[in-house]
Number of protein chains: 2
Amino acid sequence: MKQIAILGSTGSIGRSTLNIVESYPERFSVIALAAGRNLESAYEQAKRWKPKIISLASEPDAQQLQSRLKRYGLKNIEVAHGPAGAVRVTTHPEVDFVVSAIVGVAGLEATYEAVKAGKSVGLANKECMVAAGELLVAEAQRQGKPLLPIDSEHNAIHQCLRGGRLEEVERIWLTASGGPFLNTPKSAFASITVEQALNHPTWKMGQRITIDSATLMNKGFEVIEACRLFGIPPQKVQVIVHPQSTIHSMVEFVDGSILAQFSVTDMRLPILYALTYPERIPSELRFPVMDLRHLDFSPPDLKKFPCLSLAYEAAEAGGSLPIALNAADEVAVAAFLEGSIRFDKIPEVIQAVLSETERRNPESIKEVLLTDEEARQTAHKWVQRLSRSTSLMPRTASAIRHGE
Amino acid sequence: MKQIAILGSTGSIGRSTLNIVESYPERFSVIALAAGRNLESAYEQAKRWKPKIISLASEPDAQQLQSRLKRYGLKNIEVAHGPAGAVRVTTHPEVDFVVSAIVGVAGLEATYEAVKAGKSVGLANKECMVAAGELLVAEAQRQGKPLLPIDSEHNAIHQCLRGGRLEEVERIWLTASGGPFLNTPKSAFASITVEQALNHPTWKMGQRITIDSATLMNKGFEVIEACRLFGIPPQKVQVIVHPQSTIHSMVEFVDGSILAQFSVTDMRLPILYALTYPERIPSELRFPVMDLRHLDFSPPDLKKFPCLSLAYEAAEAGGSLPIALNAADEVAVAAFLEGSIRFDKIPEVIQAVLSETERRNPESIKEVLLTDEEARQTAHKWVQRLSRSTSLMPRTASAIRHGE
């Protein structure tokens, strides 16, 4: 029986994980949950799963949850809150496997502490690997425990990599749907609305990751994630646009053989893979092979999607740059979503933040978070400048980009 | 340095193997060659490669080769002939790896003796696995040495299988180009000419394998080969028509993940894979991933291609039936090629031979060859009957099929 903790239990990956646990009660049990601000869902999950511990983001929510659980007769569930609560969830002594699925750097400390406590970790949180990949991988290696990717692309790569050794990899082909603006001309990017950007062609996901998919920054993060997770240099990771999203990714070996993975587009599949690795267990998730038909592939347009180039730049530099990349993107995307900056200003904010970020190598999660905080402040400054320039003086935007 | 013996050195796979050896002189050397009746090529190969031993099919050819080599100053090359010569080639004490690439059962004994002598064997000879798969696999397991497939489909399967354990395989998807008659109506099959049947859309191969591709019997043999080589029951091997032949085969695992292998259609790739397994070494054989585009898949039409059903029948039964299947096919194809029977009579000959074959389990190569010989005689009888019926009494063909 594998005892599971879920960091981000009320989100999409969290709920899919619970669905898997429900389908295989003889294999998995959930004993620790960390949710965010969704008190109602957390209450329902606590009643349904009766974990040993559940944590929420805020103290008032946690207090309310505790009293509701008491009234319901569940007195033995420990209720925690905040970053420390999340760490208690992921490091609970009875936990074997942690599913890390909080979006953003919020899950970073709890994930790192889980690795440090010798847990096996399934990573659905991209930011963990982008911002602290070097630290996480080093600690996992020290502990001799795996870091397993829970997203369709890296999960596919993980599977294909079983066909050879790391040093036999010629190239990783990271597939990208291309997002909703694959065929939108660059000239129209300035007027892209929030609604258009949230309309992803393939996956239903959270708001930030959907915007990141529209700018291809999401793919940029995945390039960094792949480099860290598999120990592959950025020049060996190639993004390839594949609108059908049928093939989740490919690995080309030095001898010329290419292995590709595909499956239904259902997150339960990579979750199940991570939970059972190195085993595979039967699921009902069948891909209709006979329907495999038209596959399109093309190189990404870096002029339209400069975020991708910025990510390669950060991947090459390592250290503080990927942290700044992620922080700046989070701020810029939020600003776009609330209408403060235009869609095409997102990469401009990030580029400006990268140029202002001091190059250093954080050696602890604390230093990572410090770098993250600094980059956020820089990003807020640039959001303000670019939002003013956009609404009041549209012609000066490019002047600002080139340093005013 | 891996010391290689090639069984069938003047054929297409043999020459590709020599090309590989030429490209990696620091890794491989050729020390034993067995050719068939192509004296001129054998002479050139002996001069170029200076093997320790070379064998030809016939004694007069061997004598002529020996005197020509002597005149050329190569006195130390041992020249052998016949089945015993081939065995001496594959069991030569200095040989590490045997490439078994003689078409037909001719290579069977020499291949089996190689396995028995503890050599690693790369199999390009389909008939070995079809007729004596059980014996070969059992012996290879006893020796703890691998049997590595040198054909694009099984090589692809071998690679994809690295993504999981055998008991985690849901299904093997064996791809088939569909041959030149994929879109030919069944009603036109009776008038298919030798020239039409030899015009394969994808691969340039020998005559027999080209006809076997046109009847899909080649794919049927591959089903049996996959079952024997990987220890998978026939119902888990599914043939899927894929005219582009881009994906060389796929493995679907129980969890719903599918791994597919593709590469340029060049036999040097599976040869290199087999020679270096479990390593992979760099080659120049690059697949243009961006060109991956239209992939069609459809189930095979068993009414048009009854050979495939016959192969499944033989695979299920095992023992003497796959031997008879192969022998009957070889006779029927030869009869078609020399104009004695019609194209659509090939499966009729085979079906008739299968029904007349006594079900038993040969326990030695001698017994395999005996069963093979009996089946050939039965096949010759049926070729004669069906050829007379075709030319003189065309209306009686179906009566004969149903038992006269």
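The model is predicted.

**Exercise 1. Determine how H6(A) and H10(A) are oriented to each other, and which residues make the contact.**

Step 1. Helix H6 of chain A spans residues 126–143, and helix H10 of chain A spans residues 217–230. Their axes come within 8 Å and cross at roughly 15 degrees.

Step 2. Angles under 35 degrees count as roughly parallel. H6(A) and H10(A) are therefore roughly parallel to each other.

Step 3. The handedness of this crossing is left-handed.

Step 4. On the H6(A) side the contact is made by A:Lys126, A:Met129, A:Val130, A:Gly133, A:Glu134 and A:Val137. H10(A) contributes A:Asn218, A:Phe221, A:Glu222, A:Ile224, A:Glu225, A:Arg228 and A:Leu229. Sorted by class, the contact has 6 nonpolar, 2 polar and 5 charged residues.

**Exercise 2. Classify the packing of H9(B) against H10(B).**

Step 1. Helix H9 (residues 207–215) and helix H10 (residues 217–230) of chain B have axes 5 Å apart, at an angle of about 90 degrees.

Step 2. The range for roughly perpendicular is 65 to 115 degrees. That angle makes H9(B) roughly perpendicular to H10(B).

Step 3. H9(B) supplies B:Arg208, B:Ile209, B:Asp212, B:Ser213 and B:Thr215, while H10(B) supplies B:Met217, B:Asn218 and B:Phe221. By class these are 3 nonpolar, 3 polar and 2 charged residues.

**Exercise 3. Describe the contact of H13(B) with H14(B) by angle, handedness and residue class.**

Step 1. Helix H13 (residues 320–337) and helix H14 (residues 346–356) of chain B pack at about 145 degrees, with axes 9 Å apart.

Step 2. The crossing of H13(B) and H14(B) is right-handed.

Step 3. From H13(B) come B:Leu321, B:Ala324, B:Leu325, B:Ala328, B:Asp329, B:Ala332, B:Val333 and B:Phe336. They meet B:Ile346, B:Val349, B:Ile350, B:Val353 and B:Leu354 of H14(B). The class count is 12 nonpolar, no polar and 1 charged residues.

**Exercise 4. Characterise the interface of chain A and chain B by contacts, buried area and salt bridges.**

Step 1. The contact involves 47 residues of chain A and 47 residues of chain B.

Step 2. The two chains bury about 4000 Å² between them, with 55% of that on carbon and sulfur atoms. In chain A, the residues that lose the most area to chain B are A:Asp255, A:Arg280 and A:Met290, together 18% of what that side buries.

Step 3. Over all chains, the whole structure has 54 salt bridges. Across the interface of chain A and chain B there are 4 salt bridges.

Step 4. B:Asp255 and A:Arg280 form a salt bridge with their closest N and O atoms 2.9 Å apart. This pair crosses between chains: B:Asp255 lies in the loop between strand S10 (247–253) and strand S11 (258–262) of chain B, and A:Arg280 in the loop between helix H11 (268–276) and helix H12 (306–317) of chain A. Another salt bridge joins the side chains of B:Glu252 and A:Arg286, at 2.7 Å from N to O.

How values were computed: Residues are numbered from 1 along each chain as its sequence is written. Chains are lettered from A and ligands numbered from 1 in the order in which they are written. This is a predicted model: local features need pLDDT of at least 70, side-chain atom pairs count only at pLDDT 80 or more; totals for chains, interfaces and linings use all residues. Side-chain values use heavy atoms; hydrogens and water are left out. Axes are lines fitted to C-alpha atoms, for helices over the stretch in contact, and angles run from 0 to 180 degrees between N-to-C directions. Helices (H or I, at least four residues) and strands (E, at least two) are DSSP runs, numbered from the N terminus. Angles under 35 degrees count as roughly parallel, over 145 as roughly antiparallel, 65 to 115 as roughly perpendicular and the rest as oblique. A crossing is left-handed if the near helix is turned anticlockwise from the far one by less than a right angle, and right-handed if clockwise. Contact means heavy atoms within 4.5 Å. Ala, Val, Leu, Ile, Met, Phe, Trp, Tyr, Cys and Pro count as nonpolar, Asp, Glu, Lys and Arg as charged, and the others, Gly among them, as polar. Buried area is the accessible area (1.4 Å probe) that two parts lose on being put together, summed over both.
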